[in-house]
Amino acid sequence: MSHFSTKAIHGGDHVKPTNDVISPIHITTTYSYSSNPDELVPGGLTDPTTLVYSRENHPNAAQVEAIVEAITGYPTIVYNSGLSAFNGLITHVNPKLVAIGQAYHGCHGILDIWKRNYGTREIDIDAGEEEGFASIGAGDLVHLETPVNPYGTYFDITMYAKKAHDRGALLSVDATFAPPPLLDAFKFGADIVMHSATKFFGGHSDLLAGLLLVKDQATKESLLLDRLVLGTNIANLESSLLVRSLRTFELRVARQAKSAEIIVKFLDENRTKFPQLDKLYHGSLQTDAFIATQYPNGHTPVFSIELDTEQHAKSFPSKLKLFHHATSLGGAESLIEWRAMSDDHISKKLLRLSIGLEDPRDLLIDLVNGLSGDGDVDALVEEIKKLSV
Ligand SMILES: *Cc1c(COP(=O)(O)O)cnc(C)c1O
């Protein structure tokens, strides 16, 4: 059982408590203790096969963790949302100083609570020694989001790992936009990797979940004990849906990555034909040397565009037939979002696109129709029909 897709399907078989091919959804919150008094041994709260109470553990959650551990090779803790995972991370590290840059607004929101409640200090991740980075030290946290929301562009993990480790701090990477097998942030120096599994791991826009991946079992056990009392374990139905999702994980991510690259390339090569298109952001358009090493298996399926005016950006989603105008990303259906709706720090000309599993030619025709305005789209549509996908 050595390859990704095989592990995504069979990596959790050994923790399945029944012989159903697909595990039933275990809706129980509590589990009977053994009727043999000799087997009544307190403890075992971090053992996935010790079932006591579902806030601690339950079979569907244990299966998710086993599968993600099989495909990534790292001890994994599953949570009831991506932000619960970040909360678990910051609670575990307990930093006095956090270096952070452009990152998901909810992670900044949690950090704001820490600043308010505990006096945690924050500096910019790109600050130099004189601008505050000199005071970061052992026990502190450098939190990097790459590929970064909402642009889908990349930061060099190796560079930030060195910056953190030179001062004894830890590097956490929010890799939500580049799920496995696109990026393995540990290879480039990450100490903890976080994902909102609501996005690509779930892949069907029907569950909330989060993941932390760590480097050793002791850290996992400490995080599990925190999760137990914070009450942030994933729920029964959601974890069962997530096991379902993981069965098609590799196929979905590979296809979404390839389609996004095709779409971005076409838009970029035909920029002059889209007068409203002012900016196009995507990792595939970056030329930095680290990218080929850090993204050997394809690019993030998320990218952003900026149009020439706020009015054009705001009305663009309503011109499209295949993209839902909605927040979130990573699902089978393509989404576009006028990002100002959910992020009040972002340009009002910006639209974020998440490429789903539709045929990329159909998605491109939809986008080109919306972008061309009164221009002649027939020639472009003919070109799109000839693309090999
Ligand atoms: C969605 C998202 C989160 C938060 O995850 P939830 O599952 O919505 O709590 C964190 N980071 C990034 C990059 C995200 O896209």
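**Second largest pocket**

I began with the lining of the second largest pocket: by class it has 8 nonpolar, 9 polar and 4 charged residues. Here Ala, Val, Leu, Ile, Met, Phe, Trp, Tyr, Cys and Pro count as nonpolar, Asp, Glu, Lys and Arg as charged, and the others, Gly among them, as polar. The model is predicted; local features need pLDDT of at least 70 and side-chain atom pairs pLDDT 80 or more, while totals for chains, interfaces and linings use all residues. Numbering runs from 1 along each chain as its sequence is written, and side-chain values use heavy atoms, with hydrogens and water left out.

I looked up the volume of the second largest pocket and found about 280 Å³. Its lining holds 21 residues, and Tyr-104, Ser-196, Thr-198, Lys-199 and Leu-208 lie nearest the centre. The elements that give two or more residues to this lining are α3 (82-93) and β6. Helices (H or I, at least four residues) and strands (E, at least two) are DSSP runs, numbered from the N terminus.

I noted how the space was defined. On a 1 Å grid over the protein atoms alone, a pocket is an open set of points with protein on both sides within 12 Å along at least five of seven lines; a cavity is a set where a 1.4 Å probe fits but cannot get out; lining residues have an atom within 4 Å of a point. Points are joined across faces, edges and corners, and a volume is the space filled by probe spheres set on them.

**Largest pocket**

I turned to the largest pocket, which holds about 340 Å³ of space. Among its 21 lining residues, Pro-180, Pro-181, Leu-183, Asp-184 and Lys-187 are the closest to the centre. α2 (59-72), β6 (192-196) and α9 (290-294) each supply at least two lining residues. I get 14 nonpolar, 5 polar and 2 charged residues for this lining.

**Cavity**

I find 1 cavity of 30 Å³ or more. The largest cavity has a volume of about 50 Å³. Its lining includes Leu-45, Pro-48, Glu-56, Lys-220 and Arg-227. Helix α6 (residues 217-230) gives the most to this lining, with 4 residues. By class I see 4 nonpolar, 2 polar and 4 charged residues.

**Cores**

Next, the nonpolar cores. A core is a set of buried Ala, Val, Leu, Ile, Met, Phe, Trp, Tyr and Cys residues joined through side-chain atoms within 4.5 Å. Buried means under 20% relative accessible area, exposed over 50%, partly exposed in between (1.4 Å probe, protein chains only).

The largest core has 54 residues; Val-142, Ile-157, Leu-171, Leu-183, Phe-201, Leu-242 and Phe-249 touch the most other members. α2 gives the most to this core, with 5 residues. I found a second, separate core of 30 residues, which includes Val-264, Leu-353, Ile-355 and Ile-384.

I then checked Phe-249. Leaving aside neighbours within four places in sequence, Phe-249 is in contact with Phe-4, Ile-71, Pro-179, Pro-180, Phe-200 and Phe-201. Contact means heavy atoms within 4.5 Å.

**Backbone**

Last, the backbone. Most residues other than glycine have a negative phi, and most peptide bonds are trans. The bond joining Thr-146 and Pro-147 is cis, with omega about -5 degrees. The bond from Asn-149 to Pro-150 is also cis, with omega near 0 degrees. Pro-147 sits in the loop between β4 (141-145) and α5 (157-166), and Pro-150 is in the loop between β4 and α5.

I logged a positive phi, near 50 degrees, at Asn-94. Asn-94 is in the loop between α3 and β2 (97-100) and is partly exposed, at 41% relative accessible area.
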